[in-house]
Structures are given as structure tokens and as C-alpha cells.
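Dear colleague,

I am passing on the structure below, followed by notes on what was found in it. Please read them with the coordinates open.

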Amino acid sequence: MFGQYDRVYMAKVFTFTPDYPHVFPCEVVKGGTGYRDYARVLPEEVEHSCPDYGLYDYPAAVGFLTRGCVNRCPWCVVPRKEGAIRANADIEEFLGGRRNAVLLDNNVLASGWGLEQIEKIIRLGVRVDFNQGLDARQIARNTEIAELLSRVKWSKYIRMAYDSSAVRDNVHRAIERLKKCGVKPAKMFFYVLVRDVDDALGRIEELRALGCQPFAQPYRDFESKIHPTPEQWPAGATTKRYFTPWISKTTKNKIMKRKTFVSILIVLLTLLGLTRCKLAEVETIDEIPCPGVGIDTVIIPGWDNQPDD
């Protein structure tokens, strides 16, 4: 697939992602979050080259209009890795003649350049997905931004984030502004950070009541090597764990009843000397179906085989 090169740049998103198995007979430069290298960047001539999409037959263009972010969320690596928000590229630099684009900006709405690029995207008629999410606070504070977004051709959703109850008012206001501009709630997708399960469940229920699409993401503490708890795992992220209780109250009740039953059964069997199972192993109970949850899922190969960082 690949030819001979003088230098290969290698990156990965997750620390637990296995390295590329093949050896390159040349200089290999590794960097990015997966290698916990937040300082190394690509040379300008590489950063601003149009990707060769033919290598992977990917259907959409991919790139950054901006880099960095104005916020300093304690759970986010972007301020540490990319710093303050700044212009990065024109949409046509990496579009390569394609009519669809996946844009990886962290906070495009906080950038004047980013807003200009969205105007250009509208003029070009390109269908886009800002898959890292848009800042709901920027939409809540500015009617013009909501109107601008209503004119974009979206690949599927307008993605935002509801990571903390502290932004509840802004999230609700952003939803209302977009609705007034003709965007249907079902078109609004929200990432929901899961740290405190009950708090996250409340945010998910709010979004579902408003007709929006929630997508739960468990918090993973890379620095302290703390993995998400069984209750924090998102539905569909793995096929070997049960659906988590914050998906719906019905599912929560079913899981609690199932966990109680399994715990009692294990205790009884232990007393009878028929097993040496530990109560902690309740995590591996079977999946519980959760019909009617209108959210996307992400399948991450090898997730269950991840090593402890």
C-alpha cells in the first residue's frame, strides 16, 4: 500500500491504541495525544498539503479550519496541546474537489476566521459535519450565529456538547435560537460527558425531552490512569458490557434489579461453597436491550483489550 519514504509521521488518538505493526525502514516521527506528545507539530508544508484521500477511499474531505480553543475545560487536552484559538486553513485547501467534509475544529464559532469559513462553506454548497461539536454558548449569545448555522448543509447533525450542568441555560437557549431559525431539535446532537452518573442522566433526560439526540461519553482520566466505571460506559461502545443506567430510567431500574439478583445469587452460591466469584465481577453480566434510544454509537476495535496506561 505504501511506498518507500525518507520520513514517516505517525500519530494515534488514544494511548491504548496499538502501534502500527509494520516497520518502516526510515526515520519515524511519532506525536500527538496517543503518544502523550502535546508539543510536536507537523511541518507547515505537511500541515497544509491536501490529503491523498485515495489511500483510504474515504468519502469526505477532512481538516481543520481553526486550531485551539478559547475555553479551558479541566477535562480537555486542547488548550494544552493547541493553545489559543487561531486560523489554520481555508476550506478549499483540503477539500480536494469533494462535496462533503468532516471538520475537526475544537471551537470554530469562537473564531472570526471560522465564521468567515462557514459563510464560504454555505456559498460553496458543501455538506459538512463539525464532528468535535460546536460551542452552545456561542450560539446562545449570538442570534446571528444561529441564523448562520441554519443555512449550512449538514451531513447529519449539528453537533454540540452538554458536558456540565453549569451550561444548562446556554444549552437551552442555543436550542431555542436554532429552533427559531428553522432547525429541528432532532437535528441537534449533543455529546454528554459522564462523570457523575446521576448528573449525566439528568442532562440526557433533558435533551431527550427537548427532542434532541444525546450521545454519552464516559470520562477517562489519562493522567491518573483511572478507567471509566461500568456505569459510565456508553451504550454500544462495547458489545461485552451491559448497557449503562443513564440511558433511561427504565433501563436503570432493570439493571439495578438485575445487579441485585446477581449479587444475591453469588452470595448464596458462595455460602454453599459452589463458587469463588467476587461481587466485583457483576460487571460482566449480559447485555440488557434498551429499545428506543435514538443515539449513534461508536465501535472502537480493541477497546476491551486496552492495557493500563
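Which residues of helix α6 (residues 143–150) are buried? This is a predicted model, in which local features need pLDDT of at least 70 and side-chain atom pairs count only at pLDDT 80 or more, while totals for chains, interfaces and linings use all residues. Residues are numbered from 1 along each chain as its sequence is written, and side-chain values use heavy atoms, with hydrogens and water left out.

The buried residues of α6 (buried means under 20% relative accessible area, with a 1.4 Å probe and protein chains only) are Ile 145, Ala 146, Leu 148 and Leu 149. Seen down the helix axis, they fall within an arc of 160° (taken from the directions from the axis to the C-beta atoms), so they line one face of α6. Their cover includes α4 (112–124), α5 (136–141), β8 (153–154), β9 and α7, where contact means heavy atoms within 4.5 Å. At the start of α6, a side-chain oxygen of Asn 142 comes to within 2.9 Å of the backbone nitrogen of Glu 144.

Strands β9 (residues 158–161) and β10 (residues 188–194) run parallel and are joined by four bridges (strands pair if DSSP finds at least two bridges between them). From β9 the chain passes through helix α7 (residues 168–180) to β10 in a right-handed β-α-β crossover, and Ala 161 stands opposite Tyr 191 in β10.

As for confidence, mean pLDDT (the predictor's confidence in each residue, from 0 to 100) is 77 for the protein; it is highest in α7, at 98, and lowest in helix α9 (residues 249–271), at a mean of 45. Where pLDDT is low, the predicted coordinates should not be read in detail.

With best wishes

Definitions and conventions:
Helix = DSSP H or I, 4+ residues; strand = E, 2+ residues; numbered from the N terminus. Right-handed = clockwise from strand over helix to strand, strands pointing away. Buried < 20%, exposed > 50% of the residue type's maximum accessible area, 1.4 Å probe, protein only. Polar contact = N/O pair within 3.5 Å; in protein donor to acceptor, adjacent residues only side chain to side chain.
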